[in-house]
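Welcome! Let us walk through this model together, going from the whole chain to a few single residues.

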Amino acid sequence: MKHFTLALCLFLPLFSFAQEEIEYKEYSYSELFQMIEEEKDSIFELKNALIKVNPETDQRFIFSPNQRPSDRLDAFSNQSYESRDTIIIDKEIDIRDVEFESGFTNESGVYMQVVLSHIHYKKRVSFWNAFGMNISESRFDDDFRIIYYNNNNKNFEGYRNVSITRNAFQVSFSISSGDETASKVQLFIVGNTLQKSDIISNILVQETTALLMHSNQLEADVFSLGVPKESSIFNNVFNCSELYLEVKGRQYFTDNSFGSNIALEFEEVSTGASFDWNQIHGNVFSREGYVLGSEKYALSQSKRFDIDSDVTDEKIQVYFDSIVPRYKTAYDAEQKLRGALIDFYNRQNNIENKNAVYIDSKDLETKRLAYLYKTDPHFNTFFKWKINQFLKIFSAYGTEPARAIVFSVYVIIAFALIYLFFPNHWDSHGKNRIMDRYRFFAKYMKKDSGIHEVYLDEKREEMMAAEDFRAYMLKSKQEIPGFFMATALPLYRWSVAGTRTFSWLLSKVDVLKGTWSSTEDSKKAGKSVLIIGAFLIAIVYDLFIKMLNALMLSINTFTTLGFGEIPIKGLPRYLAIIQGFIGWFMLTIFSVSLISQLLN
């Protein structure tokens, strides 16, 4: 008897845990909605069922592949979701372990879609481990939930499609999978709208789920988006107070619009993924850093930190301005997030996004250095802080070498304007250039000679040197080899050619033909215009040469080229030394930035 009892105890658990084979009942779509209508309770429940298509009775739900549901129902209104073709359901729907047949091939060989369209759900709708639904152009006044969990039944193996398109959700929109062993499903979430609500909405799916999500407008107060390894998320608008975004694996995530703060987790992302930093820049923060830093900040302010409270724009501003610079845990979490993004873009060789994240990271570092100097002021922290500010302005932390060149040009022009008002050795006329021009035209109008003669008189010293050279060579003609005379005379002609050519041109444009005092009164007005015009042209030329000399001096000083003695006196002499130091520093920054970008 003892042996029998022992054997019974050993085998009884096997019988007690044995699973009975589940029987799945079959219904048509029309039968399903008839059961919902006839349900007396406020909740309609359906478990372990297969919803098959009956072409004879389910015409209300059948559409061709290229036909939108609204194309079949002309009376349907996207605004009210109320029409003669709209089905109104005033019961809570709870469907578990149900397979929907999403289409069939008709007698003509055309594949026909089966769509749950133009249905107005007034109460909560929940799908638990349900597959094959194609829910389109319907309205949900209460919560809409889809939950997937582990199911070992052979009827639910492999990938199944679930399509949710062009629906209006009023309260919350939630899709989640319980664990990594959940049944596989391909989710298509396209063109839906979620009105502003105070309830957390989410799409949290595991790696076994594939997700296509685009052209949705989601305005929940708080929205959680856990992205599976295979997903395409683009052209969505997230106008949420707060968005939790988890990115892993291989995703196409781009061209989305965010009007919300984004708590981002970015880990183990595949190089083949697509993730655009520009779509989240300015809104992103680390959830870990926010919680740890805000908790410490609240304690320092003798306040209680509520982790579940809304993450408002004001709180994020305080977080980045006061908390991140102050608390190393928050600072390290933010830099860890940006480091993961930089590593991802570096693996993709995406220099533009990599530089953008790097600049954002260095901005945080600058705020941190400013706080460290404020709390412990000494030269080391001050220098690091200021050098970061300088690098941000002049080269975007070494990511934009061209910006260093632009600012270098500004410095050169600024110092050139200073040198313009001070004499320097490079300007032969210096500050007397304009006065010499007045003197030249006064002499021309007083002397009874042409303007070319006045010009030659001004150039007399230069011409005399050339004439002396010519006379000396002719005198030595008999005493030196012929080679020297053959080359000396062309050299003489070349040295005086410019002066003589310009003198010849002046003789052709001479308008006075005598002194100004002897000119007839009737001709003075016309000649005045011509003489003043020539004078102004000469003044403009003089000013141009003077500015060019100042600019060349500034360029020479900035580039620290140098030709020995500094060719300027007075205060600008010391400014030239300062400019030389600035030039050395900025050109060094340019070189390092350029090399950095070339290496990248």
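A residue is called buried when its relative accessible area is under 20%, exposed when it is over 50%, and partly exposed in between, using a 1.4 Å probe and protein chains only. Please keep in mind that this is a predicted model, in which local features need pLDDT of at least 70 and side-chain atom pairs count only at pLDDT 80 or more, while totals for chains, interfaces and linings use all residues. Residues are numbered from 1 along each chain as its sequence is written, and side-chain values use heavy atoms, with hydrogens and water left out.

Let us begin with the whole chain. Of its 600 residues, 42% count as buried. The chain holds 15 helices and 27 strands; these are DSSP runs numbered from the N terminus, with helices being H or I of at least four residues and strands being E of at least two.

Now look at the largest pocket, which has about 1000 Å³ of space. A pocket here is an open set of points on a 1 Å grid over the protein atoms alone, where a 1.4 Å probe fits, with protein on both sides within 12 Å along at least five of seven lines; lining residues have an atom within 4 Å of a point. The volume is the space filled by probe spheres set on the points, which are joined across faces, edges and corners. Among the 28 lining residues, Arg-437, Phe-440, Tyr-455, Phe-502 and Ala-538 are the closest to the centre of the pocket. Helices α10 (433-446), α11 (451-458), α12 (460-475), α13 (482-508) and α14 (521-558) each give at least two residues to this lining.

Phe-502 counts as partly exposed, at 41% relative accessibility.

Next, find Asn-256 in the loop between β23 (242-254) and β24 (257-258). Is Asn-256 buried or exposed? Asn-256 is buried, because its relative accessible area is 7%. A polar atom of its side chain lies 3.2 Å from the backbone oxygen of Ile-233.

Most residues other than glycine have a negative phi. Arg-166, between β14 (161-165) and β15 (168-169), has a positive phi near 55°. Ser-215, in the loop between β19 (209-214) and β20 (217-226), has a positive phi of about 60°.

How values were computed:
A polar contact is a pair of N or O atoms within 3.5 Å; within protein, one must be able to donate a hydrogen and the other to accept it, and residues adjacent in sequence count only if both atoms are side-chain atoms.
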